[in-house]
Amino acid sequence: MASTLVQFRIDDSAKTTATHICERLGIDLQSYLRMCILRLNQENGIPFSMNVNDIPKNKGIEAMKAASRIAEESGISDMSLDDINKEIKAARKKVKR
């Protein structure tokens, strides 16, 4: 099958934004553009929607972000691992009493 080069101009910020969205969807921009043209031809119109909002959130990452936010708000985001372990040890001693 012969292939042809398709080129067009777009401003840098629009390309950057589109590239980031495609990366979050797990594809590159070129693949997305090929999909668009193929589906446009198949359906004789724009047949689909792909939104970043449709991607389920990773609960582990969301929990870590929440913990980081709480630590920042509490002024303890700069604690070292040793400091954290000391806090845990002290809290466990209080519970045992």
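Which residues gather in a patch of negative charge on the surface? The legends below take up this question first, for a model that is predicted.

**View 1. A patch of negative charge on the surface, formed by six named acidic residues including Glu72 and Asp83.** In this predicted model, the residues that gather in the patch are Glu72, Glu73, Asp78, Asp82, Asp83 and Glu87. Two elements, helix 3 (59–74) and helix 4 (81–96), each give two or more residues to the negative patch, and of the contributing elements helix 4 gives the most, with three residues.

**View 2. Glu72, a member of the negative patch, shown in its place in helix 3.** Because its relative accessibility is 54%, and the cut-off for an exposed residue is over 50%, Glu72 counts as exposed.

**View 3. A patch of positive charge on the surface, with Lys96 as one of its members.** The residues that gather here are Lys89, Arg92, Lys93, Lys94, Lys96 and Arg97. Lys96 is found in helix 4, the element that also gives three residues to the negative patch. With a relative accessibility of 75%, Lys96 lies over the 50% cut-off and therefore counts as exposed.

**View 4. Helix 1 (residues 12–25) and the glycine that follows this helix.** Helix 1 has 14 residues and reaches 20 Å from its first C-alpha to its last, which is close to the 20 Å expected at 1.5 Å a residue. The residue that follows helix 1 is Gly26, and the phi of Gly26 is positive, near 90 degrees.

Notes. Residues numbered from 1 in each chain as written. Predicted model: local features only at pLDDT ≥ 70, side-chain atom pairs only at ≥ 80, totals over all residues. Heavy atoms only, no water. Patch = residues over 30% accessible without salt bridge, like charges linked within 9 Å, V, L, I, M, F, W, Y side chains within 5 Å. Areas by Shrake-Rupley, 256 points an atom, 1.4 Å probe, with all protein chains shown as cover. Salt bridge = Lys/Arg side-chain N within 4 Å of Asp/Glu carboxyl O. Lys, Arg positive; Asp, Glu negative; His and termini not counted. Charge placed at Lys NZ, Arg CZ, Asp CG, Glu CD. Helix = DSSP H or I, 4+ residues; strand = E, 2+ residues; numbered from the N terminus. Buried < 20%, exposed > 50% of the residue type's maximum accessible area, 1.4 Å probe, protein only. Expected span 1.5 Å × (residues − 1).
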